[in-house]
Amino acid sequence: MKKILLTLIFVLGTFSFAQYNKGNTVLVWTKLKYKQSLEGIEGVSPKDWAESFGEVYSKRNKANKYLQSSLFLSHYWTGASWEYHELKEYRSMAEADKEQQESGAMNRKIWPDEDERRKVWEAVNKYRELGYHGDAHVWENHVRYHKKRKKSSKTPDRTVTTVVTRYWKPLGTVEEGTSEERQKMMDKYHRQVTMKNDKVLSQRMVTHYWSGEMTNGEWPVTFITEFASMADADDTETESKLFEKAFKEEDAQKYGKYWFGKHEDIGVFYNDVSFNK
């Protein structure tokens, strides 16, 4: 009986932060591929690629009423050089599905002339491996912890984006741990560390929705963080100083007790800013 009770406490402690929270959004990560060789294909060049993809992404992003925000990631240190990734934020999975269902109609509205529409997609498709679509992740995006990139002439055309997963402990195993206190500490970190860190251009915090796994109640929390350069991404000193200033010893202990002392590096990517929404 005691063993059953302890198991129930563990499950309930985990369950308390395993729910989809009202007001949050979903983030869908899709992996796509370029052709591995462009040899023999007429008209390909970096300039043509930028113009062709820019035509599609800028106009579709503007016309897409379901898409809340997006990133366009490509190879930096992670994966193959011919892979690229779309990260798209929607209010719900229902709206993500609607975007797919209405995609053809959206294209016809943007490019009503059939010949022009065909040429637009031919220009893009000569670079892409058609027929490939990899569903990498579907996450819950915690809107309260979304730091948005400010519009600035200093933002480079290509930024550096890191994807790192840390792990929350099950609440039932944290001494005097509560969901209210954990949120209070997370709010404080976001407000006084992340938001004040000028090296961080943008950041999204996402958790399990349809992808990923739980082991022994460890709850993965993934941070998608955008920087102007790799040097800024490597700078841990700024974050440490902001943390030391904001969190005195008692609050530092309160914040730290909810985390396992480990992380997983998912990847380091380029982000093409002009293709973002």
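At what angle do the axes of helix α6 and helix α9 cross, and within what distance do they come? The legends below take up this pair of helices and then other parts of the predicted model.

**Figure 1. Helix α6 against helix α9 in the predicted model.**
Helix α6 spans residues 179–194 and helix α9 spans residues 249–256; their axes cross at roughly 115° and come within 9 Å. Because angles of 65 to 115 degrees count as roughly perpendicular, α6 is described as roughly perpendicular to α9. The crossing of this pair is left-handed. On the α6 side the contact involves Glu181, Met185, Met186, Lys188 and Tyr189, which meet Asp251, Lys254 and Tyr255 of α9. By type, these contact residues divide into four nonpolar and four charged, with no polar residue.

**Figure 2. Helix α6 against helix α8.**
The axes of α6 and α8 also come within 9 Å, and they cross at roughly 125°. That angle makes α6 oblique to α8. The handedness of the crossing is right-handed here, whereas that of α6 and α9 is left-handed. From α6, the contact uses Lys188, Tyr189, Gln192 and Val193; from α8, it uses Glu239, Leu242, Phe243 and Ala246. Five of the contact residues are nonpolar, one is polar and two are charged. Lys188 and Tyr189 of α6 also take part in the contact with α9.

**Figure 3. Ala246 in helix α8.**

**Figure 4. The buried residues of helix α6 and what covers them.**
Buried positions in α6 are Glu181, Arg182, Met185, Met186, Asp187, Lys188, Tyr189, His190, Val193 and Thr194. The elements that cover them include two helices, α8 (237–246) and α9. Strands β5 (158–168), β6 (202–208) and β8 (259–272) are also among the covering elements.

**Figure 5. The eight-stranded barrel.**
In what order do the eight strands close into a barrel? The order is β1-β3-β2-β8-β5-β7-β6-β4, with antiparallel pairing. From one strand to the next the twist averages 35°. Strands of a sheet pair through backbone hydrogen bonds, in a parallel or an antiparallel sense. Strands β4 and β6 pair in the antiparallel sense over three bridges, where Asn141 stands opposite Val206 of β6.

**Figure 6. Helix α2 across the strands.**
Helix α2, residues 46–63, lies across β2 (67–75), β3 (83–90) and β8. Relative to β2, helix α2 runs at about 160°. Strands β3, β2 and β8 follow one another in the barrel order.

**Figure 7. His146 and its surroundings.**
His146 is located in the loop between β4 (134–141) and β5. With a relative accessibility of 14%, this residue counts as buried because the cut-off for buried is under 20%. Not counting residues up to four places away in sequence, His146 touches Ser69, Glu89, Asn141, His190, Gln203 and Arg204.

**Figure 8. The whole protein chain.**
The chain has nine helices and eight strands. Its C-alpha atoms fill a box of roughly 70 × 45 × 30 Å along the principal axes. Of the 277 residues, 46% are buried. Among contacts between residues at least 6 apart in sequence, 84% join residues at least 24 apart.

Conventions:
Residues numbered from 1 in each chain as written. Predicted model: local features only at pLDDT ≥ 70, side-chain atom pairs only at ≥ 80, totals over all residues. Heavy atoms only, no water. Axes fitted to C-alpha atoms, helices over the stretch in contact; angles between N-to-C directions. Helix = DSSP H or I, 4+ residues; strand = E, 2+ residues; numbered from the N terminus. Parallel < 35°, antiparallel > 145°, perpendicular 65-115°, else oblique. Left-handed = near helix turned anticlockwise from the far one by under 90°. Contact = heavy atoms within 4.5 Å. Nonpolar A, V, L, I, M, F, W, Y, C, P; charged D, E, K, R; others polar. Buried < 20%, exposed > 50% of the residue type's maximum accessible area, 1.4 Å probe, protein only. Pairing = 2+ DSSP bridges.
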